[in-house]
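Please look at the sequence and the 3D structure below. The paragraphs after them start from a single residue and then turn to the whole protein.

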Amino acid sequence: MRILVTGSTGLLGKSLCPMLDSEGFQYWACNSKIFDVTNTKMVNEIMNKISLDFIIHLAGYTNIDQAEDNPELAYNVNQLGTRNIAHIAKKHNVPILYVSTDNVFDGKSNKPYKTTDATNPINVYGKSKLAGEREIIKATKKYYILRTSWLYGTGGYVDAMLTFSNFKKEISVVDDQIGCPTWADDVSKKIIEIIKENKPYGIYHVSSSGSASWSDFTKKIFEIKKRKVEVNAINESDFPRPAIRPKYCVLDSENSLPDWKSSLEKYLLSKN
Ligand SMILES: NC(=O)c1ccc[n+]([C@@H]2O[C@H](COP(=O)([O-])OP(=O)(O)OC[C@H]3O[C@@H](n4cnc5c(N)ncnc54)[C@H](OP(=O)(O)O)[C@@H]3O)[C@@H](O)[C@H]2O)c1
């Protein structure tokens, strides 16, 4: 099977590509330097020359705060770029898997969001990712939209906290935002399962079971690694940032991934 992987140099791509390797898939891994998804002409020219069986579209503009000041950039990558890739999927008549976000919801719910719940993004990033979802749905019936949340993996939040603990003994972390910390490897395994098992097309919620605030998550990292860092729980309003985040963004993923604490433990153990 020949797979195009956009966004291969990102946090999720770095987890997924080695797994595709070990599963024996043939894939073309690309980033913005070699394959800019917003360059419609170039995307079409390249894609006319290669044959494909599947597309995994991870490329995205993911800086939530900077998206508020650069909405055209966020929409360019997340909507136009996704439209370009979706048209390629349609033209080649191959399935496309697009990774989307919990930020398509407003966070006003008090129970986990189902795939059928109404979307209502409250920041530019979420709006542009939802626009990307709609481009996919408009272009083709052969789609998988995987919404996930709070991804960590090599070079992400957990690693940053471990580095932080080498230098500081105290940190203030937001306690009034609830979500699902999710290990990129768990999502990568799910992506491979979907491809191998030819799962039905549609929208999937793929995040860890359970829920946590950012301060719960941070405390757990230090507890597992036995780092002595005091975590002070603060409110989002004490730490204003350009983009508003959904307050409660737990995805109902029908317990398809392990509990966030056990995955975090596994990730941290894997780092020796
Ligand atoms: N991280 C999370 O917590 C999270 C949560 C939910 C959903 N998601 C979604 O999951 C996907 C992967 O996230 P991630 O955390 O791995 O992202 P990331 O670490 O920010 O990486 C983004 C990737 O997209 C590529 N890219 C950006 N602009 C591009 C362009 N114009 N053309 C081609 N490639 C471009 C980047 O390439 P360069 O290296 O060349 O810049 C990089 O490989 C994204 O679509 C994101 O919206 C992420």
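Which residues does leucine 257 touch, not counting residues up to four places away in sequence? They are Thr182, Asp186, Lys190, Val206, Ser207, Ser208 and Ser209. Two residues are in contact if their C-beta atoms, placed from the backbone, lie within 7 Å. Leucine 257 sits in the loop between strand E12 (230–234) and helix H9 (260–270). It counts as buried because it has 23 C-beta neighbours inside 10 Å. A residue is buried if 20 or more other C-beta atoms lie within 10 Å of its own, exposed if 12 or fewer, and partly exposed in between, with C-beta atoms placed from the backbone. Methionine 47 is 210 residues away from leucine 257 along the chain, and the C-alpha atoms of the two are separated by 34 Å.

Two notes on the model are needed here. This is a predicted model, in which local features need pLDDT of at least 70 and side-chain atom pairs count only at pLDDT 80 or more, while totals for chains, interfaces and linings use all residues. Residues are numbered from 1 along each chain as its sequence is written.

Now take the protein as a whole. Its secondary structure comes to nine helices and 12 strands. Helices (H or I, at least four residues) and strands (E, at least two) are DSSP runs, numbered from the N terminus. The radius of gyration, taken over C-alpha atoms, is 18 Å, close to the 19 Å that the globule rule (2.2 Å times the number of residues to the power 0.38) gives for 272 residues, so the protein is as compact as a globular protein of that length. The C-alpha trace spans about 55 × 35 × 35 Å along its principal axes. Of the 272 residues, 44% count as buried. Among contacts between residues at least 6 apart in sequence, 83% join residues at least 24 apart.

Strand E1 (residues 2–6) has two partners to follow. Strands pair if DSSP finds at least two bridges between them. Five bridges join E1 to strand E2 (residues 26–30), and the two run parallel. Here threonine 6 stands opposite cysteine 30 in E2. E1 also pairs with strand E3 (residues 54–57) in the parallel sense, over four bridges, and valine 5 has isoleucine 56 in E3 as its bridge partner. Together, E1, H1 and E2 make a right-handed β-α-β unit. Right-handed says that, with the strands pointing away from the viewer, the path from the first strand over the helix to the second runs clockwise.

Which elements give two or more residues to the shell around the ligand? The shell has 29 residues, and the closest are Gly7, Gly10, Asn31, Ala59 and Gly60; a residue belongs to it if its C-beta atom, placed from the backbone, lies within 6 Å of the ligand. The elements are helix H1 (11–22), helix H4 (71–92) and strand E4 (96–101). H1 gives the most, with three residues.

Two residues have a positive phi although neither is a glycine. Asparagine 93, with a phi of about 55°, is in the loop between H4 and E4. Asparagine 93 is exposed, with 9 other C-beta atoms within 10 Å. Tryptophan 150 has a phi of about 40° and lies in the loop between strand E5 (143–148) and strand E6 (151–152). With 21 C-beta neighbours inside 10 Å, tryptophan 150 counts as buried.
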